[in-house]
Amino acid sequence: MCDYCSWIKTALEKAKIKKNNVEETNCETVEPVIIVHGGAGRISKFEREFMLQEVKNAARDAYEKLIKGTNAIDAVVLSISHMEGKKYFNCAKGGSLDINGEVVMDAAIMNSNFEAGCVGAVRNIEHPINLAKAVLQKTDHILLVENGAQRFASSMGIPLLSPGSLLFCEAPPQSINSHDFVNFEIEDEYEEFDIYIRKIVKHLVEKTLSLEISQEKLAECVARRLTNTEKEEKKLEEEEEEPMNLNVNAVGAIAYDRERNFVCGTSTAGKRGKIVGSISSIGTVIGCGIFADQFGCASFSGEDKSIYAYAPARKIVEKLKMNANTESSLMEQLDSFEMETNESNIGAIALNAAGEPAVFFKSMHFPWAICQKNQIYYGCVKGEKFSERISNLEKSFGCVCEK
């Protein structure tokens, strides 16, 4: 071997050694994190238990994908899609109705590279968050709305459901007629009659029926129902004003994957009874419901009107730049939001640059779940935090160089 070839060989070997040393220095274990929330609001006990369980399921499913190498975008979409398919959450199926009795939805997703996709006022789409993801990945636009968004969904192969498919309705009551009621065994069926009376009061008022039920018996059952209602209301007052009706805002999720990417997303059906053409700030304005950059990410839930003027998600992430503690940053920003807007029906989740999660809310209820280090943490009311070990994981996360 000549001197020149020997010199080249030595130089290449030195370069290879240097490269290997650099790779070993940069080889770090990354711990994926996923946080999911079901929306800030007031939730009755029965609905609360159901929603919290589904939030846990959404977080766990996404976490299992993350530790196998799934990217943060797909993890966020997976968790939000899970909630969009469940009743009670204010997003797709079972979401709040507009003035025309339709479920009209907004959704948004953003990554730490300042790329985002949003859709507004879409109808009859099972998972609006999937459409928002398509806007991010398949177009040069940020926001598509109404007919344009619907046509884009069709072009992307996202199926359109038949009208009314997203309405959540319990099984309709059986038809009621006077003949059925005349033969009703009122003496022995007080409990069943108590249920029936609520279904037919309007019918009795509008129609003059010839029923073989004495006024005394009817009055007795109605009085009994009223007495029970008073007892229930008193019991609810004693149980710290347990809400009677579901009133909840947008759902959301944020994730930190093995390659240190931040992604945040949100989905909502907006305010109940909104007028046609209305879109929410949470689902269509970057910085309001979601925001992400290299310093972290956040997802916010609350009343839409106040959020438009304040852009809380962006302010939370800006606070993360100045404060290394995610929880204190989140608390300070929500305190500031409440002080400036006088709105307390709010909640948010956040992750800082180190992938450290935090949850904070001022609303009565805020179902949330965090998956991290093979543990799931969850809660719904203030001061509540439970944890469980996530079992049966096929593969634990490891070095990103293994990918």
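Arginine 260 is partly exposed, with a relative accessible area of 34%, where buried means under 20% relative accessible area, exposed over 50% and partly exposed in between, for a 1.4 Å probe and protein chains only. This arginine lies in the loop between β7 (251-256) and β8 (262-268), the helices (H or I, at least four residues) and strands (E, at least two) being DSSP runs numbered from the N terminus. Although arginine 260 is not a glycine, its phi is positive, at about 65°.

The structure is a predicted model, in which local features need pLDDT of at least 70 and side-chain atom pairs count only at pLDDT 80 or more, whereas totals for chains, interfaces and linings use all residues. Residues are numbered from 1 along each chain as its sequence is written, and side-chain values use heavy atoms, with hydrogens and water left out. The protein chain has a mean pLDDT of 82, and 72% of its residues reach 70 or more, pLDDT being the predictor's confidence in each residue, from 0 to 100. Over residues 22-27 pLDDT stays under 50, and the model has 2 contacts beyond four places in sequence for this stretch, a contact meaning heavy atoms within 4.5 Å. Residues 170-213 likewise stay under 50 in pLDDT, with 42 contacts beyond four places in sequence. Where pLDDT is low, the predicted coordinates should not be read in detail.

A positive phi, of about 80°, is also found at tyrosine 88, which is not a glycine. Tyrosine 88 belongs to the loop between α3 (72-84) and β3 (104-111) and is buried, with a relative accessible area of 13%.

Across the whole structure, a search finds 8 aromatic pairs; rings of Phe, Tyr and Trp (its six-membered ring) pair if their centres lie within 6.5 Å, and planes under 30 degrees apart count as stacked, over 60 as edge-to-face and the rest as tilted. Phenylalanine 46 and tyrosine 88 form an edge-to-face pair, with 6.5 Å from centre to centre and 80° between the planes. This pair links distant parts of the chain, since phenylalanine 46 is in helix α2 (residues 45-66) and tyrosine 88 in the loop between α3 and β3, 42 residues apart. Phenylalanine 46 counts as exposed, at 56% relative accessibility. The rings of phenylalanine 361 and phenylalanine 366 have centres 5.3 Å apart and planes at 35°, so this pair is tilted. Phenylalanine 361 is buried at a relative accessible area of 9%, and phenylalanine 366 is buried at 0%. One aromatic cluster is formed by Phe46, Phe50 and Tyr88.

The axes of helix α4 (residues 128-138) and helix α5 (residues 146-155) come within 10 Å and cross at roughly 80°, where axes are lines fitted to C-alpha atoms, for helices over the stretch in contact, and angles run from 0 to 180 degrees between N-to-C directions. The helices α4 and α5 are therefore roughly perpendicular to each other, on a scale in which angles under 35 degrees count as roughly parallel, over 145 as roughly antiparallel, 65 to 115 as roughly perpendicular and the rest as oblique. From α4, Leu131, Ala134, Val135 and Lys138 meet Ala149, Phe152 and Ala153 of α5. The residues of this contact divide into 6 nonpolar, no polar and 1 charged, with Ala, Val, Leu, Ile, Met, Phe, Trp, Tyr, Cys and Pro counted as nonpolar, Asp, Glu, Lys and Arg as charged, and the others, Gly among them, as polar.
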